[in-house]
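Thanks for coming. I will talk through the salt bridges in the structure on the screen.

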Amino acid sequence: MAELWWILAPLGLGVATGLLFWGPRLRRVVRLHRLREIRRQFHQQRERLEMKFLCLASRSSLAPGVPWMECEFEDEVAYVRNRRTGQLCALVGILLRRRHPLAVSSASTSCRVGTALFRFARNRWDTDGRAVLNLSPSETIRFYQDALEVLDQEPVQER
């Protein structure tokens, strides 16, 4: 039995040293795989999320006092993490077109940029219809750079 300890002790020490050396790399690989899966889920659910965003935003005061006619979503998506809470979010650029209620012609239509917020919680994507107005996703990231950590940014691509 004493011989067994002479074998197990160095083996355990070797495993501990290996975990210490390879642990950060292994965690990074697992984190990248997890982010890839989360991104895939977002793209699978994007149409439903955009529709829910529109329904909730139209009920809230996204553009107070002036009804908006339509909302266009950009293709580019930025994935960020809140440094304080660790919550993962997807930022998608939006273009709001609105018309003043007393306007007669479509010439009085104005455009406004913004960023739609989608949150990943409890292993699913959701939205509460909130947006950061007057800032694109990249401007939102720069403005909140102390609070947000960029995980990934997808380039514009055809859907």
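A residue is called buried under 20% relative accessible area, exposed over 50%, and partly exposed in between. Keep in mind that this is a predicted model.

I start with R39. Its relative accessible area is 27%, so R39 falls in the partly exposed class. The R39 side chain forms a salt bridge with the side chain of D152, at 2.5 Å from N to O. R39 sits in helix α1, residues 2-59, and D152 in strand β6, residues 148-154, so this pair links parts 113 residues apart in sequence.

Next, E72 and R97. Their side chains also meet in a salt bridge, with an N to O distance of 2.4 Å. E72 belongs to strand β1, residues 68-82, while R97 belongs to strand β2, residues 88-99, so the bridge ties together parts separated by 25 residues in sequence. How accessible is each partner? E72 is partly exposed at 33% relative accessible area, and R97 is partly exposed at 24%.

The next pair is D128 and R130, whose side chains form a salt bridge at 3.3 Å, N to O. D128 has a relative accessible area of 35%, which makes it partly exposed. R130, at 51% relative accessibility, counts as exposed.

As for the total, searching the whole structure gives ten salt bridges. Among them are R39 with D152, E72 with R97, and D128 with R130.

Terms used:
Residues are numbered from 1 along each chain as its sequence is written. This is a predicted model: local features need pLDDT of at least 70, side-chain atom pairs count only at pLDDT 80 or more; totals for chains, interfaces and linings use all residues. Side-chain values use heavy atoms; hydrogens and water are left out. A salt bridge is a side-chain nitrogen of Lys or Arg within 4 Å of a carboxyl oxygen of Asp or Glu. Helices (H or I, at least four residues) and strands (E, at least two) are DSSP runs, numbered from the N terminus. Buried means under 20% relative accessible area, exposed over 50%, partly exposed in between (1.4 Å probe, protein chains only).
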